[in-house]
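Good morning, and thank you for coming.

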Amino acid sequence: MIRIENVTKYHEGRVVIDDVTLTIADNTNVGLIGPGGCGKSVLLKIVCGLIKPDKGRVLIDDIDVHKLKPTELAELRFRIGMLFQNYALFDSMNVADNIAFPLRQAGETDEELIAEKVKQALIDISLPGIGERYPNELSGGMKKRVSFARAVIRRPPIVFYDDPTAGLDPVTSSKIFILLRKMQHDHNTTSVTISHDIEGIKDICDRFAMLDRGRLIFEGDRPAIEACEDSLVSQFWQGYSDDELNV
Amino acid sequence: MSASPDIPGRPSGREPSNFREFLSALGEPILYLTRTFKELVEMFGLTLYYMARGRTRWRAIFEQLHEVGNRSVIFIAVTLGFLGMILIYQAGYQAEQITGDLQLLGGLFLQLLLREFAPTITAMMIATRVATGMAAQIGSMVVTEQVDALQMCAAPPVDYLVVPRFIATTIMMIVLTIFAVLVSYSAGALTALLSFGLNVRTFIDLSFIGWFDLILCLSKALAYGMAVPIIACHAGLNVSGGSEGVGRATTNAVVNASLAVVILDFIITSLGYVALSLLPS
């Protein structure tokens with residue numbers, strides 16, 4: 001279980017995350033939505049210990065993430081996978097080494113086994129035979145899928161997806177969501193998915209949370225968000241605006 | 001930042017505002033320096049910790065040895081070669097004007113090279129060429145979230161990025177310093193022969209060289225070799241603000257690494273002479 005308790009984060013005197021409290025039960029898939037710049041990615045990085053909050057705490061299975069020593073935090077991260085918004089593939093490594101990296105870090109030394117797992121991962125993301133290519137030789141959609149393969153190669157019980165379909169065409173987006181759904185179905189993961197693709201995450205998330213200017217303004221399941229009377233939430237969910245467009 | 005009574009929230013009254021600004025202007029760089037120094041010491045400690053406890057990635061170390069060492073050879077050879085020629089020409093010209101005796105030229109030049117020029121100029125050159133590269137490379141990894149990805153793969157950035165660079169630069173600084181002595185001395189010998197007709201056998205004079213000179217030379221090379229990568233990697237890992245931040249980090253890396261070389265030079269030289277004065281003659 002992930003518990004975010006009264007987390008607040010300031011950046012250059014401005015509040016980025018404002019007293020957010022949220023609980024994510026095991027095997028739950030939460031969709032984290034909100035306008036651009038509202039603090040979704042920052043919250044996700046706080047949860048996995050990449051950014052330290054100024055107030056509050058984050059507990060993963062009752063362990064306070066920000067009180068861990070670097071070695072203990074590294075141990076905890078063996079149980080977490082993360083797909084980054086901008087792929088974050090290592091430039092200096094080819095695709096196969098990128099995907100194999102988490103396995104090698106976890107102490108796997110059997111290179112034949114690693115090669116077999118990487119080969120299977122590439123088949124799973126429908127990109128067989130690109131292991132020798134480097135990230136700069138791939139398209140955005142391919143990078144996203146490779147990044148996905150790297151995030152889940154260790155079969156972590158917790159996975160965070162930071163805008164997995166940003167900047168992708170509808171077909172590639174659909175492929176990514178299929179991969180996410182398959183991962184959840186096959187491995188019973190707990191996940192948090194940030195996305196602006198509301199139609200896409202409707203089908204893969206059990207619960208939804210919405211941030212606005214750093215504050216959590218909604219948390220609930222799909223019927224609750226569909227029935228929500230808060231105009232900001234309903235507008236975002238349904239994808240329309242009351243404001244007139246001033247051109 | 002200028003004080004203005006028109007800005008809401010600012011205290012009115014010129015003197016308290018100016019005084020506060022004066023204190024702020026005084027305190028800010030001191031706080032920055034203290035914080036940076038503390039972070040550098042922490043990074044140095046962590047680097048030693050991971051060297052002792054972490055896995056040794058030989059491939060990464062060899063890549064860095066090649067990057068720091070092999071790719072700097074020509075740069076160091078040209079710089080130190082010309083420096084040797086210039087110093088010998090200047091010193092020889094002065095000696096010829098004053099005493100006309102050039103017999104001590106080679107011996108004293110070698111002592112000066114070992115004690116000061118070879119380690120310090122080599123470190124400055126490495127700070128220019130290598131520290132900028134390290135800061136830019138790591139800084140780019142920070143802005144493209146690759147460093148975050150490393151952490152999420154349970155690979156501590158200090159262990160993965162700093163340790164190989166630290167080991168390689170420390171080793172190569174010593175190797176390049178020895179190489180710099182050889183190149184600079186050879187270039188000096190050639191200049192002495194061609195400009196002043198000084199015999200190479202007369203120029204090569206080891207009578208002024210003692211253990212003190214060798215220890216001072218190697219101590220400096222070792223200290224610079226450890227300081228430069230720590231400062232460069234610290235600058236790279238603390239990048240913020242996209243490509244503009246990477247530019248700032250590379251500038252910080254070369255400025256801070258050069259400053260560190262000068263400060264370390266002063267400290268080690270002072271300590272060396274204090275130790276020398278304590279030794280029985």
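Let us start with Ile204(B), which is partly exposed at a relative accessible area of 46%; buried means under 20%, exposed over 50%, and partly exposed in between, with a 1.4 Å probe and protein chains only. This is a predicted model, in which local features need pLDDT of at least 70, side-chain atom pairs count only at pLDDT 80 or more, and totals for chains, interfaces and linings use all residues. Residues are numbered from 1 along each chain as its sequence is written, chains are lettered from A and ligands numbered from 1 in the order in which they are written, and side-chain values use heavy atoms, leaving out hydrogens and water.

Ile204(B) lies in the loop between helix 7 (200-203) and helix 8 (211-237) of chain B; helices here are DSSP runs of H or I with at least four residues, and strands are E runs of at least two, numbered from the N terminus.

The largest nonpolar core has 104 residues, and Phe160(A) and Phe203(B) have the most contacts inside it. Such a core is a set of buried Ala, Val, Leu, Ile, Met, Phe, Trp, Tyr and Cys residues joined through side-chain atoms within 4.5 Å. Helix 6 (residues 157-196) of chain B supplies the largest share of this core, 17 residues. A second, separate core of 42 residues includes Ala100(A) and Leu168(A).

Finally, in chain A, 4 strands form an open antiparallel sheet in the order 2-1-4-5, where strands pair if DSSP finds at least two bridges between them. Its edge strands are strand 2 (14-24) and strand 5 (63-64). Ile60(A) stands opposite Ile63(A) in strand 5 of chain A.
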